[in-house]
Amino acid sequence: MKEKKSVSHKGTVIEITEGNIKVEIINKSMCAACHAKGFCSAGDSKDKVIDVPYWNNGEYAVGDEVEVIMKKSMGFKAVWISYVIPLAILLIFLLTLQRFNLTEPQAGLCSMLAVAVYYVVIYLFREKIADKFVFTIAKNNI
């Protein structure tokens with residue numbers, strides 16, 4: 001059996017501007033059965049709006065049913081940026097600072113501060129990071 005190399009979600013075009021299409025993700029009950037639902041933000045209960053870069057303005061119209069497609073590797077990259085790297089920072093700081101005779105509460109607070117600084121840096125570079133996460137769309141063939 002061939003492994004899927006992309007993840008897709010059904011959505012509706014809600015706005016078209018020059019160079020950009022906004023697609024609202026339609027949450028389906030199938031997300032509940034997905035093994036990656038804990039990591040995928042598209043499985044949350046609130047509506048999601050995804051910006052998709054697009055330059056051929058004639059093919060899509062507001063209200064069209066589309067599929068938003070993302071490479072599976074980008075999902076794994078998002079998990080690393082969001083969860084794995086901060087956990088590694090937390091553990092490294094916690095274990096290292098305890099060796100420098102800091103009390104556990106002090107080491108814990110400093111470790112959490114290090115993770116907070118990491119997330120601030122991610123926030124500051126969010127536009128650069130967002131450029132790496134490119135979505136594509138395709139019309140649904142109903």
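**Figure 1. Contacts along the protein chain and the order of its elements.** In this predicted model, residues 24 or more positions apart account for 70% of the contacts in the protein chain with a separation of 6 or more. The protein chain holds three helices and five strands. Read from the N terminus, these elements follow the order β-β-β-β-α-α-α-β. Of the 142 residues in the protein chain, 25% count as buried.

Figure 2. The strands are arranged in the order 3-2-1-4-5, and their pairing is antiparallel. Strand 3 and strand 5 (136-139) stand at the edges; each has a single partner strand, so one side of each is left without a neighbour in the sheet. On average, neighbouring strands of this sheet are turned by 45° against each other, with direction ignored. In general, strands of a sheet pair through backbone hydrogen bonds, either parallel or antiparallel.

**Figure 3. The pairing of strand 1 with strand 2.** Strand 1 (residues 6-17) and strand 2 run antiparallel and are joined by six bridges.

Figure 4. In soluble globular proteins, nonpolar side chains tend to be buried together.

**Figure 5. The surroundings of I25.** When its neighbours within four places in sequence are left aside, I25 is in contact with H9, K10, G11, D47, K48, I50 and V68.

**Figure 6. K71 in strand 4.** K71 is found in strand 4. K71 counts as exposed because its relative accessibility is 56%, above the cut-off of 50%. K71 and K5 are 66 residues apart along the chain, yet their C-alpha atoms are separated by 6.1 Å. With neighbours within four places in sequence left aside, K71 is in contact with K5 and S6.

**Figure 7. Helix 1 against the sheet and against helix 2.** Helix 1 lies across strand 1 and strand 4, and runs at about 65° to strand 4. Helix 1 (residues 72-99) also packs with helix 2 (residues 104-124) at an angle of about 150°, and their axes are 8 Å apart. The crossing of the two helices is right-handed. On the helix 1 side, the residues that meet helix 2 include I81, I85, I89, F93 and L97. Helix 2 contributes residues including A107, C110, A114, V115 and Y118. Sorted by class, the contact of helix 1 with helix 2 has 16 nonpolar, four polar and one charged residues.

**Figure 8. N101 in the loop between helix 1 and helix 2.** The loop that separates helix 1 from helix 2 contains N101. Most residues other than glycine have a negative phi. The phi of N101 is near 60°, a positive value in a residue other than glycine. N101 counts as exposed because its relative accessibility is 73%.

Terms used
Residues numbered from 1 in each chain as written. Predicted model: local features only at pLDDT ≥ 70, side-chain atom pairs only at ≥ 80, totals over all residues. Heavy atoms only, no water. Axes fitted to C-alpha atoms, helices over the stretch in contact; angles between N-to-C directions. Helix = DSSP H or I, 4+ residues; strand = E, 2+ residues; numbered from the N terminus. Left-handed = near helix turned anticlockwise from the far one by under 90°. Contact = heavy atoms within 4.5 Å. Nonpolar A, V, L, I, M, F, W, Y, C, P; charged D, E, K, R; others polar. Buried < 20%, exposed > 50% of the residue type's maximum accessible area, 1.4 Å probe, protein only. Pairing = 2+ DSSP bridges.
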